[in-house]
Amino acid sequence: MAVIESPETLGLKPFHEFDAANETWPRGDRPAAIREAAAEFRARFAIEENRVKAVRTVDIAEAGYPIAYAFGDAVRTANPASRVLAARAGILGPFVNILNRLIVVQYEDFDGDERTFVYEPTVTEGPAEAPFYEYLLSRYGEFLSYKVLAKIYSTVPQALAKAGVSAEQVDFISFDHLHVQDARFVLGTTEPFGDQPSLPPIFPNAKMVIQRKEWDTFASLHPMQWAWYVEDGIKGIPEENVVLVEGDVELGRGLALVATPGHTDGNHSLCINTPDGVWVSSENGVAADNWHPHLSKIPGVRRFAEVFGREVILNANTLEDSIDQYDSMVKEKALADPNRTDPRFLNVFPSSELVDSKTQWPVVPTFHYGGINYGEMTRSA
């Protein structure tokens, strides 16, 4: 398995501004250390000469998601229809919908060559294999599951076409973590898949950059992780197409993957420098309200943050390490710039964002990001 061992490997550069902050003890001192390290990193990363060339986001699919996961114990209310669906499923609390988006970034590598990176290329057949959504399918049936709790907008190839790029020109792909992902769809597999002897990749020339701890999770799933991973999701993937990293790494000018453990042990966040400032994307939260609870209009969120003295509210479907996840969300806020539409909110963009829909009232985002669109995409021959 390929591992980033030096700055020269594939042109990626590990960076170390956060190393000391990550080891700060006791833990109560860590958020301040993280903010100081983020300022040091931003001093060289968030400059005009270090911007990506173009960014596009394309809607992939909505999925039902329990409110109790989206905001932990902070939200106590929901609309009646959502409560009925939850009661029928026999699971924790009512539902909202979250929308997964594919993100395409074009940038220059450190040698000056143009590269294309794709983040969150979710193939919708994958989540249906994860035990959590497999269970919902068995309880609701396909009609309710795909017409009420889920909506599909684009396949990955369709999303790439909408963004203006081809699958063949993509150099690197990544996910913030591998919950409900079947990576065999995007990277192919040499082993039997269903009734097929093998499966060709969607991205024939791309390598997946993923944290070693995230990849190693598949070797032995803990009961607290089991419901959210596709058990065979990496089986038979050609090893030469996987790049395992350990910590923070820059892929090129204005594009970095920052280690943000906690939601999963191997979670990392996309960090991009654009004309509208630095954006950070992950699923540590599902709405601006998670990172800005003191501005939230969702019933219960602001009150919960005030009572418990918390700066952020976790997306809490898996609590592999809740304190690490809290600190990771502080890191994301410290890296991001204020949003130009409403500077009270930072550019922390959920990789799966709470849908802004009246049907989910009163659990709707206080501020809705909606997508990112910068520059002109280049489609190579």
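**Close-up 1. The exposed face of helix α6 in this predicted model.**
Two exposed residues, A161 and K162, sit on the face of α6 turned away from its buried side. The helix runs over residues 156-163. Just after α6 comes G164, which takes a positive phi of about 95°.

**Close-up 2. The buried side of helix α6.**
The buried residues here are V156, A159, L160 and A163. They cover an arc of only 100° around the axis, so they lie on the same side of α6. What do these buried residues pack against? Their partners are three strands: β3 (54-66), β4 (95-108) and β5 (114-119).

**Close-up 3. The largest nonpolar core.**
This core has 36 residues. Which of them have the most contacts inside it? They are L160, I173 and F203. Of these, L160 is also one of the buried residues of α6. Several elements give two or more residues to this core: β3, β4, α6, α7 (184-187), β8 (207-211) and β9 (242-245).

**Close-up 4. I173 and the residues it touches.**
Residues up to four places away in sequence are not counted here.

**Close-up 5. The largest cavity.**
How many cavities of 30 Å³ or more are there? The count comes to one. About 520 Å³ of space lies in the largest cavity. Its lining is made by 32 residues. Nearest its centre lie E62, A63, P127, Y133 and V180. The elements that give two or more residues to the lining are β3, β4, α5 (131-147) and β6 (150-152). By class, the lining has 16 nonpolar, 11 polar and five charged residues.

**Close-up 6. A70 in helix α3.**
Helix α3 spans residues 67-70, and A70 belongs to it. Is A70 buried or exposed? A70 counts as buried because its relative accessibility is 0%, and buried means under 20%. Leaving aside neighbours within four places in sequence, A70 is in contact with Y65, V286, N290, L314 and N315. Now look at E283, which is 213 residues from A70 along the chain. The C-alpha atoms of A70 and E283 are separated by 9.8 Å.

Terms used
Residues are numbered from 1 along each chain as its sequence is written. This is a predicted model: local features need pLDDT of at least 70, side-chain atom pairs count only at pLDDT 80 or more; totals for chains, interfaces and linings use all residues. Side-chain values use heavy atoms; hydrogens and water are left out. Buried means under 20% relative accessible area, exposed over 50%, partly exposed in between (1.4 Å probe, protein chains only). Helices (H or I, at least four residues) and strands (E, at least two) are DSSP runs, numbered from the N terminus. The arc is that of the directions from the helix axis to the C-beta atoms. Contact means heavy atoms within 4.5 Å. On a 1 Å grid over the protein atoms alone, a cavity is a set of points where a 1.4 Å probe fits but cannot get out, and a pocket is an open set with protein on both sides within 12 Å along at least five of seven lines; lining residues have an atom within 4 Å of a point. Grid points are joined across faces, edges and corners, and a volume is the space filled by probe spheres set on the points. Ala, Val, Leu, Ile, Met, Phe, Trp, Tyr, Cys and Pro count as nonpolar, Asp, Glu, Lys and Arg as charged, and the others, Gly among them, as polar. A nonpolar core is a set of buried Ala, Val, Leu, Ile, Met, Phe, Trp, Tyr and Cys residues joined through side-chain atoms within 4.5 Å.
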